[in-house]
Amino acid sequence: MNIELLVKIGVFASLTGTLLGGIIALASKKDILQRFAQAVVLIALGCGTVAGAAFLFTNMSSLVILNSDWVFPGNLLMDHLTAIFFFLVNAVGFMTSIYGLRYLMNERSHYNISYIQFLTALFILGMQLVVLASKPMFFFFAWEVMSFSSFLLVMSDMKTDSIRPALFYMIMTHLGAGAILAGFLAISGGNFDMDFAQMGASAALLPFWNVIGIFALFFFGFGSKAGLFPFHGWLPEAHPQAPSHISALMSGVMLKIAVYGFLRVLLYVLPVMPVQIGFIVVIIGLFSAVFGVLYSVIETDIKRILAFSSIENLGLIFTMIGVAMVARSSNMESLVNVAIIAALFQSVVHSFFKSGLFLTAGVAAQTFHTRNIEKMGGMAKKMRIFSAAALLLCLTAAALPPSGSFITEWLLIQSIITN
């Protein structure tokens, strides 16, 4: 079997299996069917993980997965940027799905398991389709599927403490979605039948200040979804209220979908931005990183600590993208490549360690019946292997050597100094 066929089969299996598993989970509340639904989703996500990884080892610049406007408004298309994030969605989704069912079984008094299983599948499917969309119309539709399903998951226990943050999240995500939609409309002149390549050609003809305004719309839209300061307020409120495996998906993957969207429009749609714009992105990214660190230090709720830590991590990723923008406008191609690679590698590393930390937070909260870290003393004595694994994840989050976070930050700093 050639790689092209393997990728296509893997993507189709991932999309259809994820949706099918969600429907099966919704159809019955019996435990055996919930487990069967989980098995279907796990197989689907495994296929998607293989497909995304396989494409990264090919020489193909892009691959049309599906070319049928009557099924989707535009092709389902995979290139190397898509493959990285498609791999992340499926790999982290696989990890959290394994954790999810047992976690929900222990929390069945608080959650409707079939409802959450269905919404989780829909959430993952939305993220899969965002990265595969070749046209803004379908990109925006998939974005809304992702956003609305995650909104329902945040308030899945239907408590007041969850409903209020969920509504705040819904307001912020739709303000951001509105900005993204306005950006696409401004470039296309209302013609949503354009694909991203055609939009790139159209954007190149726009007046300078129009391009700056459109960039501002995209930066607000994707930056607010990523939790950048000062658009971050929803993140430490909403993420802790979701079930732990959903918090892991939101922080580990959904925030990277915002990174994907920003990179897609920055590299494939908008012309090269002025150096001053790149510096603004760097400054906001660095401010977000510092802000996230400071607030995570004074928090005692373990899930809020991780949420603020995600603001820091996404700030660093956008700082790397900002450095790439500055280098690109200054014709320093070697630094552009290093900065983009660093941002992508940091996105991959963060997806796994932050998801792992949210899952460990769920285990700790169930064990100690609290999310207050000051009341979790003695964990190492009760759960030695678990504590050792959590320590390794924390060291990676702290970017200590030889972790992947340390390597990306060190290489970027070295490249900036030498250039």
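A residue counts as exposed when its relative accessible area is over 50%, and as buried when that value is under 20%. The views below are taken from a predicted model.

**View 1. Lys375 in the loop between α13 and α14.** At 58% relative accessibility, Lys375 passes the cut-off and therefore counts as exposed. Lys375 belongs to the loop that joins α13 (333-368) to α14 (379-382). Its C-alpha atom lies 9.4 Å from that of Thr300, although Lys375 and Thr300 are 75 residues apart in sequence.

**View 2. The salt bridge of Asp79 and Arg264.** The side chains of Asp79 and Arg264 form a salt bridge, with an N to O distance of 3.0 Å. This pair connects distant parts of the chain, since Asp79 is in strand β2 (residues 76-79) and Arg264 is in helix α10 (residues 244-268), 185 residues apart. Both partners, Asp79 and Arg264, are buried. The count of salt bridges in the model comes to one. Side chains of opposite charge can pair when their charged atoms come close.

**View 3. Helix α10 and its kink at Met250.** Helix α10 has a kink of about 30°, centred on Met250. With 25 residues at 1.5 Å a residue, α10 should span 36 Å, and the 35 Å between its end C-alpha atoms agrees with this expectation. Of the 25 residues of α10, 23 are buried, so the helix is largely enclosed by the rest of the structure.

**View 4. Helix α4, residues 113-132.** The 20 residues of helix α4 should span 28 Å at 1.5 Å a residue, and its end C-alpha atoms, 29 Å apart, agree with that value. Helix α4 is mostly covered, with 17 of its 20 residues buried.

**View 5. A nonpolar surface patch that includes Val297.** Val290, Val293, Leu294, Tyr295, Val297 and Ile298 make up a nonpolar patch on the surface. Together these residues have about 590 Å² of accessible area. Val297 is located in helix α11 (residues 275-298). The relative accessibility of Val297 is 63%, so this residue counts as exposed.

**View 6. Thr18 and its contact with Ser14.** Thr18 is part of helix α1 (residues 3-27). With a relative accessible area of 0%, Thr18 is buried. The side chain of Thr18 reaches the backbone oxygen of Ser14 at a distance of 2.6 Å.

**View 7. Met172 and Ser224.** Met172 is found in helix α6 (residues 160-188). Its relative accessible area is 15%, so Met172 is buried. The C-alpha atoms of Met172 and Ser224 are separated by 7.2 Å, while the two residues are 52 residues apart along the chain.

View 8. Most residues other than glycine have a negative phi, and most peptide bonds are trans. The peptide bond from Phe229 to Pro230 is cis, with omega near 5°. Pro230 lies in the loop between α8 (208-226) and α9 (235-238). Asn331 has a positive phi of about 60°, although this residue is not a glycine. The position of Asn331 is in the loop between α12 (302-329) and α13. At 67% relative accessibility, Asn331 counts as exposed.

Definitions and conventions:
Residues are numbered from 1 along each chain as its sequence is written. This is a predicted model: local features need pLDDT of at least 70, side-chain atom pairs count only at pLDDT 80 or more; totals for chains, interfaces and linings use all residues. Side-chain values use heavy atoms; hydrogens and water are left out. A salt bridge is a side-chain nitrogen of Lys or Arg within 4 Å of a carboxyl oxygen of Asp or Glu. Helices (H or I, at least four residues) and strands (E, at least two) are DSSP runs, numbered from the N terminus. Buried means under 20% relative accessible area, exposed over 50%, partly exposed in between (1.4 Å probe, protein chains only). The expected span of a helix is 1.5 Å times one less than its number of residues. The bend at a residue is the angle between axes fitted to the seven residues ending there and the seven starting there. Patches are made of residues with over 30% relative accessible area and no salt bridge: like charges are joined within 9 Å, nonpolar side chains (Val, Leu, Ile, Met, Phe, Trp, Tyr) within 5 Å. Accessible areas come from the Shrake-Rupley method with a 1.4 Å probe; for residues, only the protein chains shown count as cover. A polar contact is a pair of N or O atoms within 3.5 Å; within protein, one must be able to donate a hydrogen and the other to accept it, and residues adjacent in sequence count only if both atoms are side-chain atoms.
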